Amino acid sequence: MAQYAILIYAGDSAHTADATPEDLELHNRHAEQVERSGSMVAAFALQPVDTATSIRGDVVTDGPFLEAKEVVAGFYVIEAPDLDAALAIARTNPATQQGGGVEVRPVHSGFVSSSEG
């Protein structure tokens with residue numbers, strides 16, 4: 001099966017300091033559903049955008065790489081038989097109904113370290 005990265009775009013991470021359990025409920029439920037389906041390979045929620053640091057050449061600046069209305073709030077990798085199946089899974093992400101969206105992109109290659117250091 002092919003792997004697809006699903007990049008989640010939103011105003012900020014769902015995991016902001018003022019996020020309530022209710023704010024996270026839809027996102028957690030979605031993650032659990034994708035995991036139970038057997039298609040989840042990996043998932044990562046990112047810290048809020050104000051924790052970002054960007055590097056361009058030799059210049060290091062506070063903040064995201066691009067100033068935008070929406071930022072990458074997290075991403076996950078799934079396995080699916082084809083793009084249509086990946087899109088069907090991605091379409092269920094709560095960000096698509098909360099003013100944000102998702103981008104689905106085939107994974108070319110990758111590596112995940114098994115070390116815990």
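**View 1. Glutamate 25 is partly exposed, at a relative accessible area of 43%.** Here buried means under 20% relative accessible area, exposed over 50%, and partly exposed in between (1.4 Å probe, protein chains only). The model is predicted: local features need pLDDT of at least 70 and side-chain atom pairs count only at pLDDT 80 or more, while totals for chains, interfaces and linings use all residues. Residues are numbered from 1 along each chain as its sequence is written, and side-chain values use heavy atoms, leaving out hydrogens and water. The side chain of glutamate 25 forms a salt bridge with that of arginine 29, at 2.9 Å from N to O. A salt bridge is a side-chain nitrogen of Lys or Arg within 4 Å of a carboxyl oxygen of Asp or Glu. Arginine 29 is also partly exposed, at 37% relative accessibility. Both residues belong to helix α1 (residues 21–37), 4 residues apart, about one turn of the helix. Helices (H or I, at least four residues) and strands (E, at least two) are DSSP runs, numbered from the N terminus.

**View 2. Glutamate 103 and arginine 105 are joined by a salt bridge between their side chains.** The N to O distance is 2.3 Å. Glutamate 103 is partly exposed, with a relative accessible area of 24%, and arginine 105 is partly exposed at 46%. In the whole structure, 2 salt bridges are found.

**View 3. Helix α2 (residues 83–90) has Ala86, Ile89 and Ala90 as its buried residues.** These residues lie on the same side of α2, because they cover an arc of only 100 degrees around the axis; the arc is that of the directions from the helix axis to the C-beta atoms. Among the elements that cover them are β1 (2–10), α1, β5 (71–80) and β6 (101–106). Cover is judged by contact, meaning heavy atoms within 4.5 Å.

**View 4. Valine 104 sits in strand β6.** Its relative accessibility is 21%, so valine 104 counts as partly exposed. Leaving aside residues up to four places away in sequence, valine 104 touches Tyr4, Ala5, Ile6, Leu83, Ala86, Leu87 and Ala90. Ala86 and Ala90, two of these, are among the buried residues of α2. Threonine 16 is 88 residues from valine 104 along the chain, and the C-alpha atoms of the two are separated by 24 Å.
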